[in-house]
Amino acid sequence: MQSLSRTTALRGLGRVHSTAPCRAVLSRTRLLSPLNVNTATASRASFATQSARCYAASKEVKFTADNYPNVQRDSRFSKLTREDVDHFKSILSSQSSIIDAQDDASELEGFNTDWVRKYRGQSQLVLKPKSAEEVSKILKYCNDRNLAVVPQGGNTGLVGGSVPVFDEIVLSLSAMNSIRSFDEVSGVLVCDAGVILESADSYLRERNHIFPLDLGAKGSCHVGGNVATNAGGLRLLRYGSLHGTVLGVEAVLPDGTILNDLQTLRKNNTGFDLKQIFIGSEGTVGVITGISILCPRRSNAVNTAYFGLESFDHVKRAFTKAKKDLGEILSAFELMDGLTQDLFHKTTGKPYPLADRYPFHVLIETSGSNGEHDSAKLEAFLEEVMGEEIVADGTVAQDETQAQTLWRWREGLPEACAHWGGTYKYDVSIPLNEFYTLIEDCRKLFDEAGLVGGTEDDSKPVIGVVGWGHMGDSNLHLNVPVRWYDKKVENLLEPWVYEWIEKRKGSISAEHGLGFAKRDFVQYSRDETALGIMRRVKNTFDPKGIMNPYKYIPMN
Amino acid sequence: MSTLRILVPVKRVIDYAVKPRVNKAQTAVEIAGVKHSMNPFDELSVEESVRIREKHTAKTVEDILAISIGPPKAADTLRTAMAMGCDRSIHVEVAEKDEMLEPLQVAKVLKEVVEKEGRNLVILGKQSIDDDSSQTGQMLAGLLGWGQACGASEVVLDGDHLKVTREVDGGTEVVRGKLPMVVTTDLRLNEPRYASLPNIMKAKKKKLEKMKLEEFQVRAENRLKTLKVTEPPPRQGGGKVADVDGLISKLKELGAL
């Protein structure tokens, strides 16, 4: 709890996205503080360096409007006037609910810029309503006045979906952050959309339950945003997608209608399952203000293991074995290639978990109810993969701290990649037999173009081509960390990546969503008929098109 | 130069990343179903012993013996110590329901083991994070009549002497002592390694000798009685002040100015 409150404080200070490395240091501090004042101070100092490093990459981000001149502001939308701001002041209960360019323009910056530091809008107004009723009043007014709106959660999205493109009003859910109820028998949690994922999980931890979603940005992201983007994350393999675990939503439609569909029932076959429209809709049909979600019991026996493997073929064999030997207790199977681990090592200075370097690394987690059974299964599995030389080397976390540290080698990768300036990110689903071929082909492409400078050569934009992903879900993250965003790099990648995926009938966005980044590429994964029906759904809910415009799917 | 025969005492405690809870009867901390692991300071002792062996010639360290006094599951902790590099271990078994031993009793057991096993260096954590007594190392040195260096942040072996850097208030202190010695470890000493899979497998085959507390000249009665265990009071949330004047008047109100 202590680390959590610090983390939250940090967000306010400087938009540190990843709280987890900081968390590791903090928990160390927790151990230190009662013992030795000197060491505790030292540790806090290293914590400060860490966050300073998080800022270091902050070069000025170009306006999206300047960077993408082909996207034009929709002239149907009105421009914000003083009268509008005054009206919002009159309908919102608290003065602190409004951040307006006239008060403090610098405060708007964080709401306008996305975490990847690739997109930057020019919104002049941020509204932070405290209830669904306030959201309703805001949207009704915006709809009547033709004012475009961007709903925003923790702003940790990776496809530019949560920040304005032009001057859309930002509707932040951060002031709606209470847990409404939790039923310990059924495990159903009902909470506001603006609850931070880690807070929800800590709340559930005290009640021996677990939030069925976990991801690297947990210290900042909101559960409402998670549902709106249908986030996948690290434990989808075990607990399934939000389409299955979310039982109901409370949402406000653009005309101000409040849809109160906060069901707490697992089974309910009475008409269209409306909540499914909102899950993964990325704020284009309405604003989710509350969710109810089914939370499983927290496993009291969790084991974490980290392996080094010689080839992708070995990884596939390890995966098959893990499914066979670990079956129902397997809760994560994450793949990281060798270069990702080198980048993490370089940016954090942490010692490698294994003595030698390997081209592939795998992180396995098991969660079960009986520690002895699980250990027996895991041991049998380890003996087999070692004996058959599927795994070259590895380690098993001996305590919780080691487990958390090992997880950093997977969860810390987005920041490690962002360290030099930015990252081109692709989040794709590919059939497992060609899973890693995408990275290899992409590497060839960049080597031939001569754009790769590694971590040393500052004259070239690209650091390297790296891949990691949720092997258990056939979900790969192709990342191209760069020193600066460069059209040459972008033109090389797009539409090359999408065509590559289309040929293999994969998905161009497995879990990050479409947002602004992938709107124009959705046809690589969805046909015209499907897109036509999606447009009809959008028009039904949002006939004036004010909700999160310029994103998701092309409307014409 | 004498050959080192190292003893590394390790303790199984509630994992330090887990938040401990007081039981309903307020008599102790809840341990059932809670993740346990090796006391972090003891990890440092194990690591340091193994590093001393790795740093010097083959004959410098004869063997590294780990010992734990605790419930049946303390055997897992000893396996971890052996996976990190200890050669063998002794498990002095104490029933789960029994009270935790006090530092003096632990020190007496260790003294007997030191004498029986012919040890000439004991490296142990400066404290365990469950009772935070921070006494066992000092008591053991006293009982043995050996030199001691507590809170080590660096240990250098030099013939039959040890040079130990200690963290003290306001800086560091370097002490030098002749073996045999007791050294207790502090957090800055090293960064413990991950036990590799092959070593975890090998550790299963290393010798783990079981002993009973009754085999020692120690009375298993505690001198201290725990009256009540309670959680610390919850932290009060801070308040916001509007400006510098507000801050000053608040500080005056609190008597800080």
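A residue is called buried if 20 or more other C-beta atoms lie within 10 Å of its own, exposed if 12 or fewer do, and partly exposed in between, with the C-beta atoms placed from the backbone. A:Val396 is therefore buried, since 24 other C-beta atoms lie within 10 Å. The structure discussed here is a predicted model, in which local features need pLDDT of at least 70 and side-chain atom pairs count only at pLDDT 80 or more, while totals for chains, interfaces and linings use all residues. Residues are numbered from 1 along each chain as its sequence is written, and chains are lettered from A and ligands numbered from 1 in the order in which they are written.

A:Val396 belongs to strand β13 (residues 393-396) of chain A; helices (H or I, at least four residues) and strands (E, at least two) are DSSP runs numbered from the N terminus. Two residues are in contact if their C-beta atoms, placed from the backbone, lie within 7 Å. Leaving aside neighbours within four places in sequence, A:Val396 is in contact with A:Asn303, A:Ala305 and B:Ile200. From A:Tyr119, A:Val396 is separated by 277 residues in sequence and by 40 Å in space, C-alpha to C-alpha.

A second residue of chain A, A:Gln95, lies in the loop between α5 (82-91) and β1 (98-100). Is A:Gln95 buried or exposed? With 8 other C-beta atoms within 10 Å, A:Gln95 is exposed.

Chain A as a whole is divided into domain 1 (2-56), domain 2 (179-294), domain 3 (303-413) and domain 4 (420-525), with bounds that come from an automatic or database domain assignment. The C-alpha centres of domain 3 and domain 4 of chain A lie 24 Å apart. Their contact takes 15 residues from domain 3 of chain A and 13 residues from domain 4 of chain A. On the domain 3 side, α13 (312-326), β11 (330-337) and α14 (338-348) of chain A each give two or more residues, and β11(A) gives the most, with six residues. That side has nine nonpolar, one polar and five charged residues, where Ala, Val, Leu, Ile, Met, Phe, Trp, Tyr, Cys and Pro count as nonpolar, Asp, Glu, Lys and Arg as charged, and the others, Gly among them, as polar.

The two chains also meet: 22 residues of chain B are in contact with 24 residues of chain A. On the chain B side, β3 (36-38) and α5 (197-205) each supply at least two residues, and the largest share, four residues, comes from α5(B). The chain B side divides into 13 nonpolar, four polar and five charged residues.

Chain B has six helices and 11 strands. Its C-alpha trace spans about 70 × 45 × 40 Å along the principal axes, and buried residues make up 38% of the 257 residues in chain B.

Within chain B, the axes of helix α3 (residues 103-116) and helix α4 (residues 136-144) come within 8 Å and cross at roughly 50°. Axes are lines fitted to C-alpha atoms, for helices over the stretch in contact, and angles run from 0 to 180 degrees between N-to-C directions. Angles under 35 degrees count as roughly parallel, over 145 as roughly antiparallel, 65 to 115 as roughly perpendicular and the rest as oblique; α3(B) and α4(B) are therefore oblique to each other. Residues of α3(B), including B:Leu104 and B:Leu110, meet residues of α4(B), including B:Met139 and B:Leu143. By class, this contact has 10 nonpolar, one polar and two charged residues.
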